Each structure stands twice: as C-alpha cells, then as structure tokens.
Amino acid sequence: MNNRSKTLGLLALVAIPLAGCGGPGPSLMPDSGRLAGQRPGHFKESEAIKIAKELPVHGVDVSKYQGDVDWMAVANGGVNFAYIKATEGGDRLDPKFFRNWHGAKAAGLPRGAYHFVYWCRPWHENMSWFEQNVPREPDALPPVLDVEATPTSTTCPRRLEKEPTLREIKSMLGEMERFYGKKPIIYTTVDFYEAMFSDGELSDYPMWIRSTKHHPTVRYGSRPWYFWQYQSDAWVHGIPTRVDRNAFYGDEKEWRNWLQNNTFTAAR
C-alpha cells in the first residue's frame with residue numbers, strides 16, 4: 001500500500017453518507033417490476049441500476065432527510081427491507097429514528113439500524129451511544145457500522161491513519177456483535193474502501209458497498225458483498241424525498257434463509 005492509501009487525511013475525499021439529503025418530490029404509486037416508484041420522465045438509468053434490476057431483493061436506507069415515511073405504503077410498494085439511521089458519534093440521535101424504527105416494524109418490513117462513526121470520539125463512546133438508543137430485538141436485521149471519511153468536517157480534523165483506524169473499527173464491530181448477538185455489517189464508500197479494506201482487511205465481516213454507476217467489481221474487485229447501494233436518487237412510494245436503493249446479493253430463498261440465520265454465501 002502507498003501513502004495515499006494509508007492516510008485518508010491527505011485525500012480530497014467527498015463523503016456521501018447513507019440516506020443523504022434529497023430534494024422534495026412526489027410519492028408515486030408503484031409501477032410494474034421490481035423497482036417500483038421511479039419518477040417517469042426525470043430519471044436516467046445507470047449501468048448499476050440496469051444490473052441491479054436482475055436481483056430480486058431490494059431495500060432502502062433512510063434518515064431524517066426522508067421526512068415522515070409512510071411505512072405501510074413502502075412495504076406495499078415492493079420494498080423488502082430498510083436500514084434506518086440511528087446514531088452518530090457519541091451524542092447525536094437521528095430525530096426520525098424511533099418513528100422509523102417502530103413504523104417499519106408495524107408495516108411488517110424487516111429493518112435494521114446503522115451508526116455513523118464520528119472519528120473524534122473514542123470508539124467505545126460511539127458504541128455506547130448506539131447501544132443506548134437501538135433496541136436489542138431478535139427480529140431486527142444485523143446492525144451496521146457506517147465508516148466513511150469526513151474531510152470537510154469542521155469539528156473533526158483528525159487524520160485517519162490506516163492501522164489505528166482499522167483497530168478502532170474492529171473494536172466497534174466486536175462490541176456490536178457482543179451486544180446484539182449478530183455479526184454486524186460494514187457500510188463503506190469507494191474511497192474509504194480503497195484506503196482501508198482493499199487488501200482484504202476485516203474480510204470476515206459482511207460488507208455493504210456503494211456503487212451508483214457500475215457493477216461493484218469495477219471498484220471493489222472480488223471483495224464479497226452482502227448489500228449493494230446502487231442508487232441515491234430513487235423515488236419510492238411512501239417516501240416524500242429521493243432515497244437510496246439497495247440490493248441484497250442472493251435470491252428470494254437465500255434472503256429468507258438470511259433473515260432466519262444471518263448467513264448466506266456472499267457475492268464475489
């Protein structure tokens with residue numbers, strides 16, 4: 001690895017977090033096919049979306065930026081799962097978390113929570129805050145650790161050196177697994193992946209990757225992945241703003257098995 005890969009603080013990275021802010025728009029009735037709710041006439045289909053259409057299990061990830069979600073409409077519109085932002089750092093709770101958490105469950109939609117790491121708080125404070133706010137429920141999806149670079153942060157000038165950062169990530173994943181009894185998932189973006197994980201680091205943890213233009217292999221090579229965030233500007237019935245779409249690697253039978261066991265053969 002060269003110095004560029006080892007020191008994220010030297011990179012001009014643009015972090016694109018889960019459930020990014022989107023402009024307001026109409027909530028549409030589902031159209032035909034697996035990807036219900038696209039806004040006709042205002043959308044250019046990427047290579048990633050064309051490929052993702054072939055996968056049968058799709059979901060969304062949301063935060064406060066999606067506003068008041070009608071979870072029954074989401075579930076009825078063909079969405080198979082949802083990941084919901086819960087916490088950030090050691091003191092920030094997404095104001096829509098509990099509404100989304102209980103609403104998705106009431107609609108019968110499998111859902112899980114994710115934590116956005118703030119690199120200027122100790123790892124144990126990040127995890128303590130997540131555990132204080134996210135219920136330990138047997139039917140919840142495995143928790144997600146969202147690890148991204150934040151070079152534009154005005155409050156956290158820390159440079160992320162590879163080895164210390166990986167140790168912190170491993171500690172957080174271990175604590176998540178201890179507390180929730182499920183193997184957590186790593187969510188990351190291309191730049192962070194290239195700097196931290198491209199040599200196979202933490203390959204024993206399932207990965208959720210972002211690739212909104214191309215097939216994941218273009219930027220992630222042969223790294224196995226469980227979830228693929230393939231679109232950031234979708235319209236989904238029941239969600240009043242644009243939203244991220246995600247696909248699960250596997251068929252419907254593998255999805256059902258994974259819901260029961262949280263294990264399946266990851267993509268390569």
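A crossing of two helices is called right-handed if the near helix is turned clockwise from the far one by less than a right angle. Keep that in mind while looking at this predicted model.

The helices to find are α5, residues 123-133, and α6, residues 162-180. Their axes come within 9 Å and cross at roughly 30°. Angles under 35 degrees count as roughly parallel, and therefore α5 and α6 are roughly parallel to each other. And the handedness? The crossing of α5 and α6 is right-handed.

So who's touching whom? On the α5 side, the contact is made by W123, N126, M127, F130 and E131. Helix α6 brings E168, S171, M172, E175, M176, R178, F179 and Y180.

The structure holds two cavities of 30 Å³ or more, and the largest cavity has about 80 Å³ of space in it. Its lining is made up of W101, A113, F130, V134, P135, E137, A140, L141, P143, Y180 and K182. F130 of α5 and Y180 of α6 take part in the helix contact, and F130 and Y180 also line the largest cavity.

Here is how the residues of each group divide up:

Key. Residues numbered from 1 in each chain as written. Predicted model: local features only at pLDDT ≥ 70, side-chain atom pairs only at ≥ 80, totals over all residues. Heavy atoms only, no water. Axes fitted to C-alpha atoms, helices over the stretch in contact; angles between N-to-C directions. Helix = DSSP H or I, 4+ residues; strand = E, 2+ residues; numbered from the N terminus. Parallel < 35°, antiparallel > 145°, perpendicular 65-115°, else oblique. Contact = heavy atoms within 4.5 Å. 1 Å grid on protein atoms, 1.4 Å probe; cavity = no way out; pocket = protein on both sides within 12 Å on 5 of 7 lines; lining within 4 Å. Points joined across faces, edges and corners; volume = space filled by probe spheres on them.
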